[in-house]
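Hi,

Here is the structure I said I would pass on.

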Amino acid sequence: MMSRTTSRLLLLGVLLGCLLVTLAARTAQLTVLRGPDLAAAAEQNRLRELSDPAPRGLILDSSGLPLVGTSQSAAVSIDRKTLADQPDGGAGVLGEVAAALGLTVRQLRQRLTPCSEPDSPPRPVCDDGSPAAPVVIATTSAGEEQLLRLAESPGRYPGVELTATVQRTYPLGSITGGHVLGYLGEASADEVAATAGSATPLAPADVVGRGGLEQQYDADLRGEAGQRYVSIDAQGRVQATQQSTAAVPGNNLITSIDATLQARVEQELAEALRRTSSRKARGAAVVLAADTGRVLALASQPDYNPRDWVGGISERRYQQLSDSGSLVDYPVQAQVPPGSVFKPITVVAMQRKGYGLNDYYECPPDYTAGGRTFTNFESEAFGSIPLRRAIEVSCNTVFYRAGDRLWQRGGGERADSGEIDPVAKAAADFGLGRATGIDLPAESSGMVSSPAAKYSLWEQRKQSWCTAAKKGYPRVREGNPAKADYYTALDRENCRSGNRWRQGDAINAAIGQGLTTVTPLQIASAYAAIANGGRLVQPTVARAVVASDGRLVRAIAPADRGEVRVPAGTLRFLRTAMTGVPARGTAATAFAGFPLQRHPVAGKTGSAQVAGSKSTSWFASFAPADDPEYVVVVMITEGGTGGENAAPAARGIYETLFGVGVDAAFPRSGPPEAIPDVAGVRP
Amino acid sequence: MTLLERRRGEAPRRGRGRPGPNLAQWDWVLLAAATALSLFGCVLVASAGGEELGRRQFLALLAAMAVGYLVTRVEPRSLRAWAPALYAASLIFVLLAFTPLGVEIAGARAWVALPLGFTLQPSEFAKLALVVALAATLAGGRGEVEPDNRTVAQALAIAAVPIALVLIGNDTGSALVITGIVAAIMFVAGVSWRWLAGLAASGGVLVLVAVATGLLADYQLQRLVAFIDPSADPTGFGLNTIQSRIAIGSGGVWGQGLFAGTQTQGGFVPVNDSDFIFSVVGEEAGLVGALAVIFLTGIILWRGWRIALDARDMFNRLVAVGVVAWFGFQSFENIGMALGVTPVTGVTLPFVSYGGSSMIAAWVGIGLLHLVRLASSPRRG
């Protein structure tokens, strides 16, 4: 009997021994075999890299006045993971934080939704940052007191952190400058990934420039964020700072924008838009230094106020801006037909083909070619007039005929599409059809109407033309068989021979219609070439990058885009001829009372036809006409004739440029050339 | 009777009556291992919970050693006589946890509040009382024969009450350990295989029924599953075992140094001063320290097992077996859950985990082993 219990005791001993061996083996497995992995997991548990944002550089006007300042402010951010780890999924914390900030839980939840999720709210309400990074939900602008209330009890709201963040300030109330300046947004996960390993890598919480100079010169303005590695405990409390590098402030950007002028330009453009009494009207105004191409003012309407983005833009506001077309930078991105402001370029083509600049030309009310009749504006007729006068009164028929003759001389429809059209050639010489290279993002290149352009357009569209011609517009036919027939015929024609450079194309191209589209900036650049004797300038907004201590990092010189190769006499002729436009031509009403004797303005109106809406109002000009310093271009869609709307705005701009009835933008002589000392400038 | 008749003859005989402490008869190896483990535990508790906690643990150790010594002063025969009273007292104590005096911690109603902010875990003492009661029942009165059915049934009834009570208090861990103790005692007591197999089978059925009928609380089920697949519940109970494994693994062979473990000091492992104290060993003292703890536990088990083997009679043997089984199973369950090989249930690591009840109970266990050893010495022949 005893031997039985003893043998059982032995068995029990063996069992206990086995248990101990199991534990020892498992311990060895975890510490030795899986040790390195688990040690890495432990590091991940514990170490956090925190980024100290660098003060972003200022953006200053040409005299050193800050247009965009910077301030450090506090921000509340929420760590989604910590929130999710709460027993209630963070509902309690969100409720309290929302209450403290005067927001709703729904707003917080939307803000915390990654943009990558299918039912996320639109940018920038959704979070575009790294999924692992805390999301900034409010900044000091939400009310300092409310933030402090959150900060007082750090342990109370797990996952909620108070951090320093950089905020933009806009010290000048007189200007908005939306599209020139741009705004800031949080770096998206893609951007963080794209800059990894570069000289200026982005951290998930970093802000980057979006639009305008903020985007273009982001790397200069951004500075280098400081890094801190901190060890934290399980509650996320910082226990020690392991190592840190101080933040390097961003460099300041000095621009050629003049704050006074910019304010007037924005104001004139806004007024011009109001005059149209059209909600669909869009406007652009450009002021360049004629010799250098430096941008003195640049306005786009409707535009946005960069202040809207400070502290995060609301979903509603963003939608409003988007719906109202405020997010398009019209001077840089609008592609509209130039209409008559194109005519000086046609003159260059005419002169090259032997037309006499001082000859007389017939200006009948209309011009018929190839079975089509092309009319003057309001079918005006001036009889036989010199070319100069044709420019002053913007006589279309003179240029129709010239376009037609040049087309016939070039071989008419028999010319193959590779043949260079003289008008298209002149337009290309003046930089149309390609981006000017301005230092602002997303510039459009426009298009020059030419045989090649027409051919490539046909290649793109022939498929749909031919398909539509085959179908014959059955829907339209139900209500209006005649209309359907017309559409079908048009499409069949386009399908069959839409690649051909026809008479009508050449005639339209001569007055800046047809396929030709331009940006206001391209016209400004072309007019600068007329003004400065044939040098094609690159519009440039920035003048210099200056370190925060005032040291010049680099000067920014506008790139040279070469000469337009037009005889000096032709340019001189154009400059003289265009002085007649405000004096006694199409812009005479707009410039009535302006001291043109003292400040002769040379300009050209344009009223570009746009199918289905009111014409686009243009005024492209430079002054003083005898020694041009400034180029001023105004474009307003739905604006009617150039004289009606664009020219009055340009006149207002010249008043500020020359100090007519108001203080001059540049009381001394022209825009400053020396780079202002901005070492001590703090907004 | 041959094995039980083996005696150590080296102990000098004293006079009659209550002998004083006979230092030569103490198991110094056992004492050294238990002391070393306890002291190491104090250091670990200090590391995990702060110096103050370590100091309290040290005071608890001194108190526990004193109580353990008092246990050795009990007349061995009177222990058996006192068994029913001890058993009854322990059950009342466990029941106190369900009165307003009771305190609930981590979902388990297993503590009783004492004055001055102390709490006691009655189940720790219930285990000991149960060991004595079962030993008294199963040892029988007529020498070493296989316990008859009636005796076994009686033992089962005695065991069932405390198991039921701790289960009602949601203390699954204690229930498991007590079941292990009961099984070990019955096994060594010579209960027939038929009984043992039947009990194992009905135990399995009971567990199935408990799961099927929802008698087992959800969190208990979650814990049981979490150790098998911690990623199934990475923020709840799975987190404990994930974090514990991370801490242990990051210790490597030599550890990060006492008081220097990043996971321990950062509080990443929950309840690492008691249930998960082995994670502190692993992280701060590494494989070496962890093996030392397992080794010292092994020494204690070996010496206890030796005492059981050398016991004079069945009662004494079963008491020793009960204590050894308790130490063994509870240590395995505790260390195992830190390593992710056993379910997460809240049991302490004897001698090491923070807690006065646990420490005192462990040293009462050491005292009982000595009592058995002293009873087995020739002078009592």
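A quick word on handedness before the rest: a crossing is called left-handed if the near helix is turned anticlockwise from the far one by less than a right angle, and right-handed if clockwise. Keep in mind, too, that this is a predicted model.

With that in hand, take α4(B) and α6(B), whose crossing is left-handed. These helices, residues 76–96 and 149–168 of chain B, have axes that come within 10 Å and cross at roughly 15 degrees. Angles under 35 degrees count as roughly parallel, so that is how α4(B) runs relative to α6(B). On the α4(B) side, Tyr87(B), Leu91(B), Val94(B) and Leu95(B) make the contact, and they meet Ile158(B), Val161(B), Pro162(B), Leu165(B) and Val166(B) of α6(B). By class, that contact has 9 nonpolar residues, with no polar and no charged ones.

Next, the interface. Chain B puts 45 residues in contact with 35 residues of chain A. Helix α12(B) supplies the largest share of the chain B side, 12 residues. That side splits into 26 nonpolar, 16 polar and 3 charged residues.

Then the cores. The largest nonpolar core has 133 residues, and among those touching the most other members are Val287(A), Leu288(A), Tyr527(A) and Val631(A). Helix α22 of chain A (residues 520–532) gives the most to this core, 9 residues. Beyond its neighbours within four places in sequence, Tyr527(A) is in contact with Ala620(A), Phe622(A), Val631(A) and Val633(A). There is also a second, separate core of 121 residues, which includes Leu12(A) along with Val191(B), Leu301(B) and Ile335(B).

Cheers

Terms used: Residues numbered from 1 in each chain as written. Chains lettered and ligands numbered in written order. Predicted model: local features only at pLDDT ≥ 70, side-chain atom pairs only at ≥ 80, totals over all residues. Axes fitted to C-alpha atoms, helices over the stretch in contact; angles between N-to-C directions. Helix = DSSP H or I, 4+ residues; strand = E, 2+ residues; numbered from the N terminus. Parallel < 35°, antiparallel > 145°, perpendicular 65-115°, else oblique. Contact = placed C-beta atoms within 7 Å. Nonpolar A, V, L, I, M, F, W, Y, C, P; charged D, E, K, R; others polar. Core = buried A, V, L, I, M, F, W, Y, C linked by C-beta atoms within 7 Å. Buried ≥ 20, exposed ≤ 12 C-beta atoms within 10 Å, placed from the backbone.
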